[in-house]
Amino acid sequence: RPPCDLCEPYDGVGRRSKVEGRRSKRCRDGRSLSSLFVVSLLRRVRAPAIRPSLPTLHVHVVTNKALARPLKDTAALIELTGGNPFRARAFASAARTLERMEESAAELTRAELTAVRGIGKSIAGDVRELVETGTLAVRDELLATLPPELPDVLRVKGLGPKKVRRLWQDLGVTSLDDLEAAAVAGRIADLDGCGAKTQDTILAQIDTLRTYQGRRHIATAPA
């Protein structure tokens with residue numbers, strides 16, 4: 001019989017077997033004894049143990065910085081809407097406290113957060129709301145009272161909540177487009193406390209924001 005595929009390398013009567021070191025002989029089905037030895041040797045090789053794969057666990061880690069950001073936004077929105085300045089400062093102070101904390105605020109209870117200097121009982125509840133739901137109702141309620149694109153104006157460097165409120169109330173600025181139009185027309189330079197330099201700076205900052213349109217802003221950023 002013609003040899004099978006396994007014994008082909010050792011075909012030829014009288015040829016020394018590379019594996020067994022002796023003359024190869026044909027087996028009944030055409031395979032040589034040397035090839036059978038190779039097969040048996042391969043069967044003895046242990047396959048690597050296959051460990052059962054575990055499902056990938058995705059852990060959402062809430063950092064102190066991530067918790068502080070919506071509190072800062074809330075402080076700015078309170079000022080922008082003409083709210084209580086003491087309340088705005090309370091949110092801003094709590095945000096700074098969270099950023100300085102070494103311990104993870106997300107792992108603290110409401111009572112433990114209240115015990116931290118700079119975080120009151122009410123804001124401690126807001127922090128827990130952020131941890132548990134990923135949203136902040138007080139921030140969303142403030143946003144709902146404003147023109148949809150007005151918070152974008154806060155992204156302009158050098159324009160704080162009070163100045164943005166003035167632009168909104170006095171010039172009708174409710175978006176970056178409105179702000180740009182007011183600056184091009186020279187209307188911002190006519191406002192008290194502003195001038196040509198401030199107006200030019202605003203235009204330059206708007207150009208920068210146009211370049212980075214994908215950047216985060218209050219109206220669309222996740223809590």
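A residue counts as exposed when its relative accessible area is over 50%, and as buried when that area is under 20%. Keep those cut-offs handy for the exercises below, and remember that this is a predicted model.

**Exercise 1. Work out which residues of α10 are buried and which are exposed, and how they sit around the helix.**

Step 1: Pick out the buried residues of α10, which are Gln 199, Ile 202, Ile 206 and Leu 209.

Step 2: Look down the axis of α10. The buried residues fall within an arc of 80 degrees, so they line one face of the helix.

Step 3: Now turn to the other side of α10, where Lys 197 and Thr 211 are exposed.

Step 4: Ask what lies over the buried residues of α10; α9 is part of that cover.

**Exercise 2. Find the residues with the most contacts inside the largest nonpolar core, and say which element gives the largest share.**

Step 1: The largest nonpolar core holds 49 residues, and Leu 71, Leu 98, Leu 179 and Ile 188 have the most contacts inside it.

Step 2: Among the elements giving two or more residues to this core are α2, α3, α9 and α10. The largest share, 8 residues, comes from α2.

Step 3: Zoom in on Leu 71. Beyond its neighbours within four places in sequence, its contacts include Phe 91, Leu 98, Ile 123 and Leu 136.

**Exercise 3. Describe how α2 packs against α6.**

Step 1: The axes of α2 and α6 are 9 Å apart, at an angle of about 35 degrees.

Step 2: The crossing of α2 past α6 is left-handed.

Step 3: On the α2 side, the contact is made by Pro 70, Asp 73, Thr 74, Leu 77 and Ile 78; on the α6 side, by Val 138, Arg 139, Leu 142 and Leu 143.

**Exercise 4. Is Glu 102 buried or exposed?**

Step 1: Find Glu 102 in the loop between α3 and α4.

Step 2: Its relative accessibility is 83%, so Glu 102 counts as exposed.

Technical notes
Residues are numbered from 1 along each chain as its sequence is written. This is a predicted model: local features need pLDDT of at least 70, side-chain atom pairs count only at pLDDT 80 or more; totals for chains, interfaces and linings use all residues. Side-chain values use heavy atoms; hydrogens and water are left out. A nonpolar core is a set of buried Ala, Val, Leu, Ile, Met, Phe, Trp, Tyr and Cys residues joined through side-chain atoms within 4.5 Å. Buried means under 20% relative accessible area, exposed over 50%, partly exposed in between (1.4 Å probe, protein chains only). Helices (H or I, at least four residues) and strands (E, at least two) are DSSP runs, numbered from the N terminus. Contact means heavy atoms within 4.5 Å. The arc is that of the directions from the helix axis to the C-beta atoms. Axes are lines fitted to C-alpha atoms, for helices over the stretch in contact, and angles run from 0 to 180 degrees between N-to-C directions. A crossing is left-handed if the near helix is turned anticlockwise from the far one by less than a right angle, and right-handed if clockwise.
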